[in-house]
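Open the model in your viewer and get ready to select. We will go stop by stop.

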Amino acid sequence: MLEIKNLKAQIENKEILKGLNLKLEKGKVHAIMGPNGAGKSTLSKTIVGHYEVKVTDGEILFDDKNVLDMEPEERALNGIFLSFQNPVEVPGVNNAYFLRNALNAKRKFEGKEELNAAEFLKLMKSHLEQLGMKKDMIQRSLNEGFSGGEKKRNEILQMEILEPKVVILDEIDSGLDIDALKAVSEGINRLKSEDRTFLVITHYSRILDYIKPDYIHVLQDGKIVKTGGYDLVHALEAEGYKIIDEE
Amino acid sequence: MSQSEVDKIVNQEYKLGFSTDIESDTVPPGLNEETIKFISNKKDEPEWMLDLRIKALHKWEKMKEPHWAHLNYKPIDYQAISYFSEPKQAPDSLEEVDPKILETYEKLGIPLEEQKMLQGIAVDAVFDSVSVKTTFSKTLNDLGIIFCSISEAIKDYPELVKKYMYSVVPMTDNYYAALNSAVFTDGTFVYIPKGVRCPMELSTYFRINAIGTGQFERTLIVADEDSYVSYNEGCSAPQRDENQLHAAVVELVALKGAEIKYSTIQNWYPGDENGDGGIYNFVTKRGICKGDHSKISWTQVETGSSITWKYPSCILEGDNSVGEFYSVAITTLAQQADTGTKMIHRGKNTSSTIISKGISALKGQNSYRGLVRIENDAENSRNFSECDSLLIGSHCGAHTYPYLESANESAQIEHEATTSKISDEQLFYLRQRGVNEEDAVSMIVHGFCKDVLNQLPMEFAVEARELLNITLEGSVG
């Protein structure tokens, strides 16, 4: 579904990704683990076209289209979604208004009819309830004054409503207490489907116990150095990344 | 005033902007007693008005142009200006009009006939707001509301004019006010009688009146006891004027229990990206809450002009009177704005609110300058000020100059100020959710000005929102 071939990318003239290859399969959950500075966040930024990243080589194919030729919003409209590690605050921009605009941009792109305010509110309310979020999320400004947990849940809310095809979760678990972690994981599990791919970037196995990935990839020094099944998590947990160096 | 008189006034007003049969006299450039006499004579004014104009001229001659504002422009040669010029050479049809302007009209949804009027093209008499105007004139007339040009008022209501003109903005208030007092060409006069609530937004249907009188406009609005009026000035359509210098004066008088709401959309030609060719807009706007429990509210959306120098103010003289100032000022291209307000608290329990939103893009420079003064006797007065600046890009500037003076210990003054930048991260976040870049900028800017836009009368607010989008087009590079 999404294929990354020999990807080389720089941030501030420093090469971070050094010929990375990765194939994400339809309907599967992929997890990427790796030590700090290995290039995990750069990988997610590169896929969504972040302005800091300069790609020097390679390609990213998504349903046979080269993602690297697309503007960030085009990638989003085609179904690539990134849950940000630190969602930025946008004062004065109403959370519901923003999300309705985003959803309608997508529906328009897909040739569907746009939702009016009432239809959208109904949809949003049902998702808020499922995620255990307060109703005031409708009125509040986008991420402004949100707690860490609220920001992460809001990312999941957007994911649920936008129904993307490729979901990249960049450290969705960082800074969450156990209840929030559960709510977020449940949200992810609800969205698992045959047509959807997840790429979960994390430091910890905790969230992986909830969402049970199909594949674990180890990213080190800008390349995928090992791929395995779910049990690889526990080997890494027990031994650390040195098990890879030893091989 | 009888119905026929009202009709006459209204229809004359209607002709003023675009009729082809206006006499086309022009005085040679320069400003002296002869010029003033020429203007006064052209307007067929009474002797007393001419005397006041000449008095203003002599005072102006002794005054110096102020340079304290954070503005940078080439010196103005006041003797090189013609103070009564022949009407603009109007194009014969819309085909001759700059396609860019037409495109903007299109986006704003301005009807074809009105587009023609805005460009000074003669239109058919069937233009449908003529009948609308007649209907409204009758309503206003029945209520005893006077709504006419200031020239008319000088002739027809000399007592009201003598009593209130210069009472809020004295002739010698400042350099530009003095200049205006000597040479003002036209403007609007409104009087709302005691206890009358004006049932419509004034000037919504009369917006065309302003054309051709924009340069030295003079407006006077008097709201008698317990009356209410909402007045809208300007329009969102881009306005061009060959006259580079504009110096308008607006005076508002609210008597006991009266309320005046004054909304402005200013969209004079901003000049090019080097600052060439735009309008210099030096405006003095001030209202007095003369009676107890009176209220004056200024709302402005400033998007045009290359130079804006403007501080709509309130003198809170009556006890329990209220002053408000809501402002959105956008500077893009090479525009400069030095704008804000003055809230002078004199009466007891007076309160004022200031919400100012400055947006700077490209090479725009935006300054907020505001004074809050609590005088000796203004027991228990309070002010709340919020001044926020938003920067788009890295070549623009925002500046805040608040002046707070309190001579009464019981007063409360609050001032909040923020400066923020539309960050790449915010834009990227919105784009990652599928919102295109232009919509993303617009969303962030609207979010920023929401508190002010909410103050505008509905119809004006819709125009203002569209205008913000158009003004900001291409400001992200």
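Predicted model: local features only at pLDDT ≥ 70, side-chain atom pairs only at ≥ 80, totals over all residues.

What is the mean pLDDT of chain B? The mean pLDDT is 82, and 80% of the residues of chain B reach 70 or more.

**Stop 1**

Select residues 1-24 of chain B. Here the pLDDT is below 50. Beyond near neighbours in sequence, this stretch still has 35 contacts in the model. Now select residues 122-132 of chain B. The pLDDT is below 50 over this stretch too. Its contacts beyond near neighbours in sequence number 12.

**Stop 2: the nonpolar core**

Next, select B:V190 and B:A223. The largest nonpolar core has 178 residues, and these two touch the most other members.

Go back to B:V190. Which residues does B:V190 contact, leaving aside neighbours within four places in sequence? They are B:I146, B:F147, B:L202, B:I221, B:V229 and B:Y231.

**Stop 3: where the chains meet**

Show both chains. In this interface, 23 residues of chain A are in contact with 18 residues of chain B. On the chain A side, select helix 2 (72-77), helix 3 (95-109) and helix 5 (148-162); these elements each give two or more residues. Helix 3 of chain A gives the most, with five. Now colour the chain A side by residue type. You will find 16 nonpolar, five polar and two charged residues.

**Last stop: the overall scores**

The model scores ipTM 0.95 and pTM 0.79.

Terms used:
Residues numbered from 1 in each chain as written. Chains lettered and ligands numbered in written order. Core = buried A, V, L, I, M, F, W, Y, C linked by C-beta atoms within 7 Å. Buried ≥ 20, exposed ≤ 12 C-beta atoms within 10 Å, placed from the backbone. Contact = placed C-beta atoms within 7 Å. pLDDT = per-residue confidence, 0-100. Helix = DSSP H or I, 4+ residues; strand = E, 2+ residues; numbered from the N terminus. Nonpolar A, V, L, I, M, F, W, Y, C, P; charged D, E, K, R; others polar.
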